[in-house]
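Please consider the following briefing alongside the sequence and the coordinates.

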Amino acid sequence: MTNSLFDDFDLRGLKLPNRVVMAPMTRARALAEVPDDLTARYYEQRASAGLIVTEGSPISREGTGYVFTPGLYTEDQVAGWQRVTDAVRGRDGRVFAQLWHVGRASHVSLQADGQPPVSSTSKASGDSAFAYLPDGTPGRVDASTPRALRTDEVPRVVSDFATAATNADNAGFHGVELHAATQYLFEQFLNSQVNDRTDRYGGHTVANRIRFTLDVVDAVVERVGADRVGVRLSPFSTVGGMPADDRTEETYLALADELSARRVAYVHVHDTSGFGADANSIGARLRALLPHLRGDGTAIILAGGLTRRSATDLIDSGLIDLAAFGRPYISNPDLVERFRDDIPLAPANPAHFFGGDAVGYVDHPAATNLSA
Ligand SMILES: Cc1cc2nc3c(=O)[nH]c(=O)nc-3n(C[C@H](O)[C@H](O)[C@H](O)COP(=O)(O)O)c2cc1C
């Protein structure tokens, strides 16, 4: 059966055999913050995806907001990720590392010497973090009040991203995705209601709001090349205590123009507006913005409640190029084959989404093995 989901796609020279992307998903199983054999097996099992984007990988201790997330800033972590990329490449897969700095979405127990997390602002999010309780056990806590980065500190954070991109390159990734979505550090600069700075990164003008993101894009592009850089965005998202921002269109239109001028490989949009099952569930404002995010030839990936049907319709309509799936990938390592052969999807158990061991992680069988 022909279906555009299974058309190949040229991602700036990287040939994807289909349009199905595995969305980035934190699974919080890296007890030492280093990817291990289980991590490698998990991604290897999902290697038939057109493209895998890994779980968010903190670029620094400061950028960490959750326990047990595998970073990209120590030698051990790079070696751990190398096992992952070897495993995925061994099955002819393609994998981008998601580079992550959570900004204020952190807690003093995760920071060096119990320091406050950093942000564009010194206002707390009011949201929670998954960190350490006073007795040292992991648990949900209120995100700590952050410290606003001084202007002269911003280049250091930019440079941490650049180093992580080089580390990703050394670990064998095909490229990197900047996690500029759902409340984390980039959004803390992009959102005019959160960014209360008055310096050149300040929230009052659109050029200033997008400056931090562009500084990082430029630094990372210099390390690995624009063809190997994607950016994840979630315009209109209020996840994690982000306030609605009436300057969203202005901000993201300007950002998209600049990303397009820089020839990044893709913009990956996370639609958090709803988890409905059809294409019309995309929020109306986001739907109107989507064509503009494409700019001059930037590929568009969309994630958020997609199904085989809605993804196909969206690709056929020309609104998106690639469709990313999160939760379906947790319990269906062979999602591409299931879509292709119209095999029903196995349901995932949210109790195993974050933390734990092999259970609910690498023990979901492929459909072809079910009868074996
Ligand atoms: C367990 C879990 C962990 C997630 N972790 C991340 C993450 O690390 N980075 C990110 O950008 N999005 C993350 N997301 C969001 C997903 O990438 C995806 O956009 C979202 O689940 C919507 O897609 P879906 O409806 O197909 O699940 C996570 C989602 C889930 C369910």
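The points below describe a predicted model, grouped by topic.

The model contains a closed barrel of eight strands with parallel pairing, in the order S3-S4-S5-S10-S11-S12-S13-S14. On average, neighbouring strands of this sheet are turned by 25° against each other, direction ignored. The count of salt bridges comes to 20.

- Strand S13 covers residues 299-303 and is mostly covered, since five of its five residues are buried.
- Within S13, Ala-299, Ile-301 and Ala-303 point one way, while Ile-300 and Leu-302 point the other way. Residues on both sides are buried.
- Strand S12 (residues 266-270) pairs with S13 in the parallel sense over five bridges. In this pairing, His-268 stands opposite Ile-301 in S13.
- S13 is also joined to strand S14 (residues 322-325) by three bridges, and these two strands run parallel. Here Leu-302 stands opposite Ala-323 in S14.
- Between S13 and S14 the chain passes through helix H9 (residues 308-316), and this β-α-β crossover is right-handed.

**Strands S3 and S4**

- Strand S3 (residues 20-22) and strand S4 (residues 51-58) pair in the parallel sense over two bridges.
- Met-22 stands opposite Ile-52 in S4.
- In general, the strands of a sheet pair through backbone hydrogen bonds, either parallel or antiparallel.

**Helices lying across the strands**

- Helix H2 (residues 75-90) lies across S4 and strand S5 (95-100), and runs at about 175° to S4.
- Helix H8 (residues 284-293) lies across S12 and S13, and runs at about 170° to S12.

- Lys-123 and Asp-196 meet through their side chains in a salt bridge, with an N to O distance of 3.8 Å.
- The two partners are 73 residues apart, and the pair links distant parts of the chain. Lys-123 lies in the loop between strand S6 (118-119) and strand S7 (128-132), and Asp-196 in the loop between helix H4 (185-190) and helix H5 (206-209).
- Lys-123 counts as partly exposed because its relative accessibility is 34%. Asp-196, at 39% relative accessibility, likewise counts as partly exposed.

**Further salt bridges and a network**

- Asp-199 forms a salt bridge with Arg-197, and the closest N and O atoms are 2.8 Å apart.
- Asp-199 is buried, with a relative accessible area of 19%; the cut-off for this class is under 20%. Arg-197 also counts as buried, at 7% relative accessibility.
- Salt bridges that share partners join Arg-147, Arg-150, Asp-152 and Glu-153 into one network.
- Within that set of residues, the side chains of Glu-153 and Arg-150 meet in a salt bridge at 3.9 Å, N to O.
- Glu-153 is buried, with a relative accessible area of 9%, whereas Arg-150 counts as partly exposed at 49% relative accessibility. Arg-150 does not reach the exposed class because that class requires over 50%.
- As a general principle, side chains of opposite charge can pair when their charged atoms come close.

Technical notes. Residues numbered from 1 in each chain as written. Predicted model: local features only at pLDDT ≥ 70, side-chain atom pairs only at ≥ 80, totals over all residues. Heavy atoms only, no water. Salt bridge = Lys/Arg side-chain N within 4 Å of Asp/Glu carboxyl O. Helix = DSSP H or I, 4+ residues; strand = E, 2+ residues; numbered from the N terminus. Buried < 20%, exposed > 50% of the residue type's maximum accessible area, 1.4 Å probe, protein only. Pairing = 2+ DSSP bridges. Right-handed = clockwise from strand over helix to strand, strands pointing away. Axes fitted to C-alpha atoms, helices over the stretch in contact; angles between N-to-C directions. Contact = heavy atoms within 4.5 Å.
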